[in-house]
Amino acid sequence: MSAQLPLEGMPRRLYSCTPSRLNAWLDCRRRYRFTYLDRPQPSKGPAWAHNSVGASVHNALAGWWREPYDRRTPLTAAILVTNGWIAEGFRDVEQSAHWLGRARDLVSGYVATLDPSDEPVGVERTVATRTKVMALSGRIDRLDRRGDELVVVDYKTGRRPLTEDDARSSLALAVYAVAASTMMRTPCRTVELHHLPTGEILEWRHTEESLARHIRRAEDVATEASAADERYRALVPAPPKRSPAASGERPAVGPAAVPDEIDELFAPNPGPICSWCDFRRHCPEGRSAAPDRDPWDGLAE
């Protein structure tokens, strides 16, 4: 029996995505394919130490707000970092211990500037919104209420100094603001980047027009990516189901075998960022475009 074709005029299925998925499409279509389409997913490289620091800090800050009011202290924050420390990607035990100390200082110093009684509306809060093109969801680090409005707060731990333009141009923050406003029926136009290494807070207050521009941009990306996804599914057969490996360790996996059309549709975007790609081993163009990095090279020593 032939496959049933969609009736003319029938609405297309919404493209389900997150801001990370949309940004992956913009950054590098090959990485997008490896991340979201190839199954089994190609093997990634080793963990990055700077990602371990970032995840440890984010987890501790989320946990701090879940503590009872009288335990929301800098000491508790430091303990949460220690108890939840992710030690992957570091050069050795000494480097991990050094960065554990720095992360404790970052988090305890940051929470010392907060009012523990100023309860957020949400911590690690998932929000979602829909348009005629996409069903978009994501998780906000913190959602505050300031007066009659909501404010999206995003924690940053990277070594690169941030500017107000980073907050203004962030697709993710704008989408979160729209989704939070829609779900909670409360205006949300202000977004903030809290850069823990410098203590800076970079704020941008959107207008309805600027938020609408971000949503239109997201829809444009979603339309492109959705069409590419459909072409991939049409030309690349689903892999056979595999029996679970005897041991818990997953064997090395390469990219899916794809026709030339798919390889061209999901072409790489070689550049300096290729040094930091999890799928670098599978991309000759990326390896030629940028040097290898050790897993701890992203740390701000």
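1. Buried here means under 20% relative accessible area, with over 50% counted as exposed and the range in between as partly exposed (1.4 Å probe, protein chains only). The model is predicted, so local features need pLDDT of at least 70 and side-chain atom pairs count only at pLDDT 80 or more, while totals for chains, interfaces and linings use all residues. Residues are numbered from 1 along each chain as its sequence is written, and side-chain values use heavy atoms, with hydrogens and water left out.

2. Helix H5 covers residues 93-111, 19 residues in total, and spans 27 Å from first to last C-alpha, close to the 27 Å expected at 1.5 Å a residue. That expected span is 1.5 Å times one less than the number of residues. Helices (H or I, at least four residues) and strands (E, at least two) are DSSP runs, numbered from the N terminus.

3. What packs over H5? At the start of H5, a side-chain oxygen of aspartate 92 comes to within 3.3 Å of the backbone nitrogen of glutamate 94.

4. H4 has its own buried residues: Thr76, Ala77, Ala78 and Val81. Their cover includes H3 and H5.

5. Do look at arginine 72, in the loop between H3 and H4. Arginine 72 counts as buried because its relative accessible area is 9%. Its side chain reaches the backbone oxygen of tryptophan 65 at 2.9 Å and the backbone oxygen of proline 116 at 2.7 Å. Leaving aside neighbours within four places in sequence, arginine 72 is in contact (heavy atoms within 4.5 Å) with Trp64, Trp65, Glu67, Pro116 and Glu119.

6. Glycine 122 lies in strand S2 (residues 122-130). Why is glycine 122 called buried? Its relative accessibility is 7%. Beyond its neighbours within four places in sequence, glycine 122 is in contact with Asp141, Arg142 and Leu143. The C-alpha atoms of glycine 122 and arginine 142 are 5.7 Å apart, though 20 residues separate the two along the chain.

7. Finally, the second largest pocket holds about 280 Å³ of space. Of its 18 lining residues, Arg39, Tyr232, Pro237, Pro239 and Ala256 are the closest to its centre. The lining divides into 13 nonpolar, 1 polar and 4 charged residues.

Terms used
Polar contact = N/O pair within 3.5 Å; in protein donor to acceptor, adjacent residues only side chain to side chain. 1 Å grid on protein atoms, 1.4 Å probe; cavity = no way out; pocket = protein on both sides within 12 Å on 5 of 7 lines; lining within 4 Å. Points joined across faces, edges and corners; volume = space filled by probe spheres on them. Nonpolar A, V, L, I, M, F, W, Y, C, P; charged D, E, K, R; others polar.
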